[in-house]
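Please read them alongside the structure shown here.

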Amino acid sequence: MIRLNIFILMALILLAGCIPQIKEAALTPAPKIRVLLDSITKKDSIIFNNVYALKAEEADYEFGKNNRRIYIEPLEPGYRIYNENRIFKFTVNDGVIFKSKDDEGFFTFHGKRYKGDILISLIANKDLQIINRIDLEKYLESVVPAEMPSHKTGYYEALKSQAICARTYAVKKMDERRDRSFDVYDDHRDQVYGGLKAQTTLASNAVKETRGDVMMFDNKLADVFYHSTSGGILESAENVWPNYNQPYLKSRQDAIGQSFADENSPYFRWSDTLSINELDVIFNHQFNKSYLNQIVQDTTELIFEVHILKRTSSGRVAEMQVSFGDTTINLQGYEIRNFFAKPQRRSLPSTLFTIKSISDSLLVINGGGFGHGVGMSQYGALNMSEKGFKYYDILVNKYFIGTYLKKVY
Amino acid sequence: MMSSKQLALLSIPVLLLFYCNPKTLLTGVTHTSDVDSVLFYQQNPVADPFLDELHSNHGNSARLTTLLLPPPPPPPPDYREIQGFRIQLFAGTDSISALSVQNKVNNDTDDPVYLIHEGGLFKIQVGDYPYRIDADNMKLLLNSKGYDGAWVAKRMIHVPSDSSFVDSNMVIPPPPPPVSEQQPKPEAVTNQITDSTTAQPVQTKFKIQIMVTADELKAQQLQLDLENKFSIDTYYEQAGNIYKVFIGRFQTRADAEVLLKNVRENGYPDAWLVY
């Protein structure tokens, strides 16, 4: 009987050890990230939805109680901030911080709502920067749903992968840019930051469940890249950015078993047709030369030729030559996608394409994928998530092979 | 031997341990996947025609061509110039006054009104009248509307380039007499035509007049010279005390003008077209 009691006691101890979730551990605070919302050169305004305080030496000036809108206006030199009741003038070197009085406070700028503090500073006596300083995890809750669809529960693991990628990227930028006035842009130059409106429950849960997790390689933060659709083949990072040559960012097929990971993407394969008239418009727009509209004295043959001179190991176009009339240009990298920009789309979806002419006046571009092709394919991750992959498998076993995850706070 | 009660009690912690998987807690191996391993590891590359084509020589070049054509020649004017008549209402060095007259006369007539700058003068002229009689009628009309200084000017006028249009829309008067600024009255013109002694084919509309003379012998001599030189029907007509020498009979103005040019270039620069 004694032995039985001891056994039951041991089992109960083990049982208690198995459910640590009952006691919620105190969370280490996440670092704060500085997101550049805009650089303004003329009068603009911010609306406070709660009480915000402008900290000064003599007092805290509160805003948002009665007059919720403040105006910010660059001067020469310096700038001023004012509303109907108060006006503050600042010199070139003055930085201003508006702090929310409580955690639920938010403000509206250019139609988007944001939590966190507002930093205002003048750079080079020209651009007045409006910066949102916010808890990194809160920032990620507005980035993940802006970067990846989050309307299906099947995407949950992919969203966690995206959260880790976004967090790793952000932490790395915070370190690299710590001497600058801000850490990240709020758009595609870094990561799209959609503000409070972009947030979804699923994406927020994905961020919370991976809180503090980042991707590491060789005891350092990994270089994290992601894109919409690989088109079946990933690109080596050094082919896009020569300074990045990581073993986990190499070209290989992006497949799950015997099918491509992102074959469900609308950009997995695409096709575009350009007439010689459209190419003339492109040329005219970029080089201010229209060959079709030139006046000739005699019947003249006009030739448009395009040659792919070099492809990367993944098959993406690395160098391309275009000749039209008496103009010949060589294009590389992103210039290639930009060259074929049309009014209805900014640029070609990717450089993974072939070209052919189907008549004397029609050029057909058959392509695959959307984006640079380096790192994680977001559509591939979504597909894997729906197939049952866990987020760590998506990251360390599929897209960043050789990296590992680490909780940094 | 343990009783069933003891077995049941023992099974609870065992099941809990299994559920909690303490091995993972102890070893730190935290992640295992429940997806089929075949999804992780590719035995063979996935075949795909598009990706294969990227590494072939196909799809690397394209050439488009088109022809640039010189612009078409400017369209012919929808009118051509012939000898005819206009009514001149104003001539002066003052363009503002000319414009004022033009605006006024535009309200008084539907016929074209021209502002011409020639010989240092701004002139306002009305109409394009191939026939003198029409010009005279218009002059009378304008006189009645207050343009007392109107007079008939002989000059190149505009007619539709399609001569058949001109012909089909004109009331063809009897052939008029030689035109001159001193014979303005239509009645006189009609009388003179009636006096014409030489019969003409009914279909003749245009002919070229070479000379007017009071000397019949001189007219006869010129007629012979012309016949020898051009081998075309030549004749002369008496009109009162004078004799008019003609060459050719034409249905259309275009045909007449071809000969007119030829005659002028071959010794008779003062030849003119009459109707």
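What does the accessible surface of chain A come to, and what percentage of this surface belongs to carbon and sulfur atoms?

1. The accessible surface of chain A is about 19700 Å², and carbon and sulfur atoms hold 50% of that area. Accessible areas come from the Shrake-Rupley method with a 1.4 Å probe, and for residues only the protein chains shown count as cover.

2. This is a predicted model, in which local features need pLDDT of at least 70 and side-chain atom pairs count only at pLDDT 80 or more, while totals for chains, interfaces and linings use all residues. Residues are numbered from 1 along each chain as its sequence is written, chains are lettered from A and ligands numbered from 1 in the order in which they are written, and side-chain values use heavy atoms, with hydrogens and water left out.

3. Chain A contains 9 helices and 26 strands (DSSP runs numbered from the N terminus: helices are H or I with at least four residues, strands E with at least two). Chain A has 409 residues, of which 52% count as buried (under 20% relative accessible area with a 1.4 Å probe, protein chains only; exposed is over 50%, partly exposed in between). Taking contacts in chain A (heavy atoms within 4.5 Å) between residues at least 6 apart in sequence, 64% join residues at least 24 apart.

4. An open, antiparallel sheet of 3 strands in chain A has the order β19-β24-β23 (two strands pair if DSSP finds at least two bridges between them). Its edge strands are β19 (270-275) and β23 (353-359) of chain A, each pairing on one side only. On average, neighbouring strands of this sheet are turned by 20° against each other, direction ignored. β23(A) and β24 (362-367) of chain A run antiparallel and are joined by 6 bridges; A:L363 in β24(A) has A:S357 opposite.

5. Helix α6 (276-287) of chain A lies across β19 and β24 of chain A, at about 85° to β19(A). Such angles run from 0 to 180 degrees between N-to-C directions, with axes fitted to C-alpha atoms, for helices over the stretch in contact.

6. The largest pocket holds about 1500 Å³ of space. It is lined by 45 residues, and those closest to its centre are A:Y226, A:W241, A:R337, A:G371 and A:H372. Elements of chain A that each supply at least two lining residues include α2 (136-147), β21 (317-324) and α7 (334-339). With 4 residues, α3(A) gives the most to this lining. A pocket here is an open set of points on a 1 Å grid over the protein atoms alone, where a 1.4 Å probe fits, with protein on both sides within 12 Å along at least five of seven lines; lining residues have an atom within 4 Å of a point.

7. Is A:S204 buried or exposed? A:S204 is buried, with a relative accessible area of 7%, and is found in helix α4 (201-209) of chain A. Leaving out residues up to four places away in sequence, A:S204 touches A:E141 and A:Q199.

8. Chain B has an open antiparallel sheet of 4 strands in the order β3-β4-β2-β5. β3 (113-118) and β5 (151-160) of chain B are the edges with a single partner strand each, so one side of each lacks a neighbour in the sheet. The twist averages 40° from one strand to the next.

9. In chain B, β2 (79-92) and β5 run antiparallel, joined by 10 bridges, and B:R86 stands opposite B:A153 in β5(B). Helix α5 (132-144) of chain B packs on this sheet, touching β2, β4 (121-129) and β5 of chain B, with its direction at about 25° to that of β2(B).

Note on methods
Grid points are joined across faces, edges and corners, and a volume is the space filled by probe spheres set on the points.
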